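The following exercises ask the reader to work through one protein structure step by step. Each task is followed by its solution.

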Amino acid sequence: MISFVVSLLALVLGYFLYGRFVEKVFGPDDRPTPAVAKADGVDFMVLPSWKIFMIQFLNIAGTGPIFGAIMGAQFGPVAYLWIVFGCIFAGATHDYLSGMLSIRHGGANLPEIIGHYLGNATKQVMLVFSVFLLMMVGAVFVFSPAKILGGIWEPAFFVENVGPYVFWVVVVFIYYLIATMMPIDKIIGKVYPLFAFSLLFMAGALLVMLLVKQPSIPELWTGVSGELLTTDNVFPCLFITIACGAISGFHATQTPLMARCVKSEKMARPMFYGAMITEGVVALIWATVAMYFFYDSPEPGYASMEGGAAIVNDAPSIVNMICNNWLGAFGGILALLGVVAAPITSGDTALRSARLIIADFLKLKQKSIRSRLYVCIPLFAVTMGILIWQMSDPKGFKIIWSWFGWSNQALSVFTLWAITVYLVRAGKNYFITLIPALFMTVVCTTYFFTEKVFTLAPVWTWVIAGSALVVALAWFYVWYMKFNKTSK
C-alpha cells in the first residue's frame, strides 16, 4: 500500500507543480474564447467551470481508467509507474495543450489542428483515422453495456425473433442519435455531471475501503511473488493496455467539445489538465483494487470470492464482484452505472465529435436539425455496420478492441507531434511534448510490428524500438534545422 499512497500523492503534486509549469509554458491570456466569439446555442456556448470539468472528465474517462487499469494491473506494480509518470508528463500535458490549441484555433477539431501543424496530407489521413476511431468507440461502447443490461432483462420477443442484446443495442443507438444531435447543454450538460459524480463516488468509496482493509499487495520494490497472470511483454503491451489513466489519443478528439464552452483561457487548466489527473487517480485506485484481486498475500483476493478465479480476465465482472463484495447493494448500483452509463456516455460524445469533424470538413453549418441529420444518418449507418459485424463474429469484439487500443495511442502520437511543432514555432519549451512524442512513437511502432503484424522474438522488440527512436529523432532534427533556417 505504500507504493499506492506515494503514487496518489505524486499525482496530486503533479497537478499543482508540473501542471502549473505546463500552463506557464503555453501562456493563457484574456483573448475572447470561441464560446464567447462564436456562440451559436448548439455547440458553442459558455458553461459553468464545474460543469465543464465534470463533462470533460466523463468524456475522456468512461470505463477506460477502470477496465484498462484492471487489465494493466496483471503486469504488477510497474503499472503504478506508467499511470503516474504517463499521466503527469504525457497524458495531462497532451490533454491540456490539445484543448488550448483548440481554443486558440476557434474551437477547431483535432484533424484541423494536426493539419495546420503537420500539413494538409496528414490532415486528410487524420480526418479519416479520427472518424473511424470514433466510430469504433461508438461500436465497442454499445455492445458491453447492452450485454450487461440484456443479462438483467430483455423482452422475450426480441430475443426469440431477432436475437439477444438487440433490444438494448437499439435503445442505446436511439439515445446516441438524440444526444448527438441535441444542443450540448440539453442532455450532455444536464446528465453527464450526475454520471461523473457516480464514477468519482465509486472510486472514492473504494479508496476508503483500501485504506480500511490495508491489503498486502505487491510493492514496487518487491514485485509479484510468483508468476504474473499475463504472458504479454511489459514493453510495449503495458503502454497500450493502460491508455485512459496515462495517455489516450481519444481525449484529443473530446477536448474540442469543451474548448467550445470555456469562458476564459485562464480557467482551462483544472478542466483539461485537472480532469486527466483525476482520471489518473481513478485508474490508480482501480489498479490497486485489481492487484488485491490478482496478487494479495497470502492468497489473491479472487480466492476468497465465489467464482473469482473464473473471471480474472473479465474486467467488467471484476468490477461487479469487487463493488458488491466491498460496497454491498449500493456498490452494485454504482458498478452498474460505471459499466453501463459510463461507456454509453463515452460513445455518444465520440459520435458527436465525429459529427463535428465531418461537418467542419464539409463546411456544413450545424445550426439546423436538418444539417445535423445529413451527417448523423450515414455516420450512424456505418457505426451500426461495424457493430453488426462485431456481434456476428465471436472474435469481433476482441479484434475491434485490440485495434482500437493501438489506434487510440497512435492518435496521441500525431497530437503530440502537432503540439511539439506549435511549441517550436512559438519559441516555447518544446521538450515537454517532444519527449512524450518520441516515447509514444516508439511504443506504437513496436506494438504494431511485434504484436499486430508479426510475432517476433523479444530481441526484435528492442531492435524495432531503437530503430523507431532513431528515425523519429532524425525526422525531427531535419525539420527543426529547416525551420530555423527559413525563420531567420
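**Exercise 1.** Determine whether the radius of gyration of the chain agrees with that of a compact globule.

Solution. The model is predicted. The chain has 488 residues, and for this length a compact globule would have a radius of gyration near 23 Å. The value for the chain is 22 Å, which agrees with the expectation. As a further description, the C-alpha trace spans about 65 × 55 × 45 Å along its principal axes.

**Exercise 2.** Describe the secondary structure and the contacts of the chain.

Solution. The chain holds 19 helices and zero strands. Among contacts with a separation of 6 or more, 82% join residues 24 or more positions apart. Buried residues make up 59% of the 488 residues. The accessible surface comes to about 19,800 Å², and 69% of this area belongs to carbon and sulfur atoms.

**Exercise 3.** Classify the ring pair of Phe235 and Trp462, and state where its two members lie.

Solution. A pair of aromatic rings is described by the distance of the centres and the angle of the planes. The structure holds 34 aromatic pairs. For Phe235 and Trp462, the ring centres are 5.1 Å apart and the planes stand at 10°; the pair is therefore stacked, since planes under 30 degrees apart count as stacked. The pair links distant parts of the chain: Phe235 belongs to helix 12 (residues 234-241) and Trp462 to helix 19 (residues 458-487), 227 residues apart.

**Exercise 4.** Are Phe235 and Trp462 buried or exposed?

Solution. Buried means under 20% relative accessible area, and exposed means over 50%. Phe235 has 14% relative accessibility, so Phe235 counts as buried. Trp462 has a relative accessible area of 58% and is therefore exposed.

**Exercise 5.** Classify the ring pair of Phe294 and Tyr295.

Solution. The ring centres of Phe294 and Tyr295 lie 6.0 Å apart, with the planes at 65°. Planes over 60 degrees apart count as edge-to-face, so this pair is edge-to-face. Both Phe294 and Tyr295 are buried.

**Exercise 6.** Which residues do ring pairs link into a cluster?

Solution. The cluster consists of Trp417, Tyr430, Phe431, Trp475, Phe476, Trp479, Tyr480 and Phe483.

**Exercise 7.** Locate Ala474, and state how far its C-alpha atom lies from that of Gly163.

Solution. Ala474 is found in helix 19. With 39% relative accessibility, Ala474 counts as partly exposed. Ala474 and Gly163 are 311 residues apart along the chain, and their C-alpha atoms are separated by 54 Å.

Conventions. Residues are numbered from 1 along each chain as its sequence is written. This is a predicted model: local features need pLDDT of at least 70, side-chain atom pairs count only at pLDDT 80 or more; totals for chains, interfaces and linings use all residues. Side-chain values use heavy atoms; hydrogens and water are left out. Helices (H or I, at least four residues) and strands (E, at least two) are DSSP runs, numbered from the N terminus. The radius of gyration is taken over C-alpha atoms; the globule rule is 2.2 Å times the number of residues to the power 0.38. Buried means under 20% relative accessible area, exposed over 50%, partly exposed in between (1.4 Å probe, protein chains only). Contact means heavy atoms within 4.5 Å. Accessible areas come from the Shrake-Rupley method with a 1.4 Å probe; for residues, only the protein chains shown count as cover. Rings of Phe, Tyr and Trp (its six-membered ring) pair if their centres lie within 6.5 Å; planes under 30 degrees apart count as stacked, over 60 as edge-to-face and the rest as tilted.
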